[in-house]
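Dear colleague,

I am passing on the structure below, and I would be grateful if you could look through it alongside my notes on what was found in it.

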Amino acid sequence: MVTASERTPMEKPAGSFLAIYLNDHLAGAAAGVGRSRALAQAHRGRPGEERLRRLAEEIAADRGALLSIMASLGIPVRHYKSIAMSVAERAGRLKFNGRLKERSPLTDMVEYEFLRLAVEGKAAGWRTLLTLADRTPDLDAGELEKLLHRAQTQIDLLEDLRKSAAADVFTSGRPA
């Protein structure tokens, strides 16, 4: 094992950059878990409920996978980042949507877009880790490929839901 004093100058920043990068992704994952669960809850008894519930479960499982990867790499979790993102995600639910007491059809579309962007970021994180897997024995390239594939499936689902919501919002003739 290489001690801190034996590392070359390039190893220190790369390790600390990876810790920052993965903690940032973990914070984003906290927001994604919160938003996906809230979205699934909002669709109880509505079409798409089961798909959104499964999506929320997968997003939570992906966060768990990231935690496992960080543990295997010896990267400490910076909880303050996740807490800050969770608070920001909850605050993001308080938005003007053209309705005072009920959920606007526009809300679904915006939330699908938010989640899609979040999952795109997650996929980029898995791709980044894949580039390191050949020289980092603690990274399992096969597992990272599975996570990347699942992220792409989530992106496709969210895009389908977003398109459907956009059609409902902008072509149904209903006032927002």
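The side chains of Asp62 and Arg150 meet in a salt bridge, at 2.3 Å from N to O, where a salt bridge is a side-chain nitrogen of Lys or Arg within 4 Å of a carboxyl oxygen of Asp or Glu. Asp62 belongs to helix 2 and Arg150 to helix 5 (residues 141–171), so the pair ties together parts that are 88 residues apart in sequence. Asp62 is buried, with a relative accessible area of 1%, whereas Arg150, at 26%, counts as partly exposed (buried is under 20% relative accessible area, exposed over 50% and partly exposed in between, with a 1.4 Å probe and protein chains only).

Please bear in mind that this is a predicted model, in which local features need pLDDT of at least 70 and side-chain atom pairs count only at pLDDT 80 or more, while totals for chains, interfaces and linings use all residues. Residues are numbered from 1 along each chain as its sequence is written, and side-chain values use heavy atoms, with hydrogens and water left out.

A search of the whole structure finds ten salt bridges. One of them joins the side chains of Arg46 and Asp108 (3.0 Å, N to O), and this pair links distant parts of the chain, with Arg46 in the loop between helix 1 (11–42) and helix 2 and Asp108 in helix 4, 62 residues apart. Here Arg46 is partly exposed at 36% relative accessibility, while Asp108 is buried at 8%. Helices (H or I, at least four residues) are DSSP runs, numbered from the N terminus.

Methods
Helices (H or I, at least four residues) and strands (E, at least two) are DSSP runs, numbered from the N terminus.
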